[in-house]
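I hope they are handy to have beside you as you look through it.

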Amino acid sequence: GAEMSLVDDIFKSIPLEILTDFGQDITLVKTVTPRTYDPSTGDVTGADTTVVTKGFIGNVSSRESDGLYQTTDVKITVSGDDLDNYYPTQADRIRYTQGGATREAKVLNVTTYRGEDPLLHIIIARPQ
């Protein structure tokens with residue numbers, strides 16, 4: 001809706017240098033092979049690969065949620081430059097530090113901006 005575009009315009013105008021200089025380290029945990037669970041041993045297998053990039057972490061505003069998101073969900077803006085043309089998906093997780101603790105969040109939604117502007121991904125994720 002129109003109310004979202006204002007927020008998006010603000011985020012989209014964030015220059016890459018600002019993300020790089022002031023953003024915090026965010027680790028994108030990419031699931032390379034599907035996770036499998038072995039009930040007999042309790043082991044979970046599946047290869048992950050991680051990419052560290054810079055980003056901003058904010059909260060999802062209640063008017064953005066459309067009932068799909070919770071107020072505890074986070075909105076993470078990252079530069080696509082460090083991801084080597086990889087597009088985050090719902091199979092991925094985001095690891096970040098908040099209040100001195102390492103947290104991990106499951107990706108719920110990804111919006112990618114490209115074109116004239118620097119490539120930015122705005123990820124909505126749910127802390128686990």
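1. The protein contains three helices and eight strands, both taken as DSSP runs and numbered from the N terminus (helices: H or I, at least four residues; strands: E, at least two). Along the sequence the pattern reads α-α-β-β-β-β-α-β-β-β-β.

2. A word on the ground rules before going further. This is a predicted model, in which local features need pLDDT of at least 70 and side-chain atom pairs count only at pLDDT 80 or more, while totals for chains, interfaces and linings use all residues. Residues are numbered from 1 along each chain as its sequence is written, and side-chain values use heavy atoms, with hydrogens and water left out.

3. Now the sheet. Six strands close into a barrel, in the order β1-β4-β5-β8-β7-β6, with antiparallel pairing. Two strands are called paired if DSSP finds at least two bridges between them. On average, neighbouring strands of this sheet are turned by 45° against each other, direction ignored; the axes behind that angle are lines fitted to C-alpha atoms (for helices over the stretch in contact), and angles run from 0 to 180 degrees between N-to-C directions. As a reminder, strands of a sheet pair through backbone hydrogen bonds, either parallel or antiparallel.

4. With β5 it runs antiparallel, joined by six bridges; Ser79 has Leu120 of β8 as its bridge partner, and Thr77 has Ile122. With β7, the antiparallel pairing of β8 extends over eight bridges, and here Asn109 is partnered by Ile124. Six of the eight residues of β8 are buried, so the strand is mostly covered. Buried means under 20% relative accessible area, exposed over 50%, and partly exposed in between (1.4 Å probe, protein chains only).

5. Which residues of the largest nonpolar core touch the most other members? Out of 13 residues, they are Ile76, Ile94, Ile123 and Ala125. At least two residues of this core come from each of β1 (24-31), β5, β6, β7 and β8, and the largest share, three residues, is supplied by β5. Such a core is a set of buried Ala, Val, Leu, Ile, Met, Phe, Trp, Tyr and Cys residues joined through side-chain atoms within 4.5 Å. In soluble globular proteins, nonpolar side chains tend to be buried together.

6. Neighbours within four places in sequence aside, Ile76 is in contact (heavy atoms within 4.5 Å) with Ile26, Phe56, Ile57, Ile94, His121, Ile122, Ile123 and Ala125. For the protein as a whole, 56% of contacts between residues at least 6 apart in sequence join residues at least 24 apart.

7. On to the charged pairs. The model has five salt bridges, each being a side-chain nitrogen of Lys or Arg within 4 Å of a carboxyl oxygen of Asp or Glu. Asp48 and Arg93 form one of them, with the closest N and O atoms 3.0 Å apart. Asp48 lies in strand β4 (residues 48-59) and Arg93 in strand β6 (residues 93-98), so this pair ties together parts 45 residues apart in sequence. Asp48 is partly exposed, at 31% relative accessible area, while Arg93 is buried, at 15%.

8. Arg93 also meets Glu104 in a salt bridge (2.9 Å, N to O). Glu104 is in strand β7 (residues 101-113), so this link to β6 spans 11 residues in sequence. Glu104 is partly exposed, with a relative accessible area of 24%. Asp48, Arg93, Arg95 and Glu104 are linked in a network of salt bridges.

9. Where does Asp73 lie, and which part does its partner Arg126 belong to? The two form a salt bridge, with their closest N and O atoms 2.8 Å apart. Asp73 sits in the loop between α3 (62-65) and β5 (74-79) and Arg126 in strand β8 (residues 120-127), so the pair ties together parts 53 residues apart in sequence. Asp73 counts as buried at 0% relative accessibility, and Arg126 as partly exposed at 22%.

10. Finally, the surface. Buried residues account for 33% of the 128 residues in the protein. Tyr37, in strand β2 (residues 36-38), counts as exposed at 56% relative accessibility. Residues up to four places away in sequence not counted, Tyr37 touches Gly42, Asp43 and Val44.
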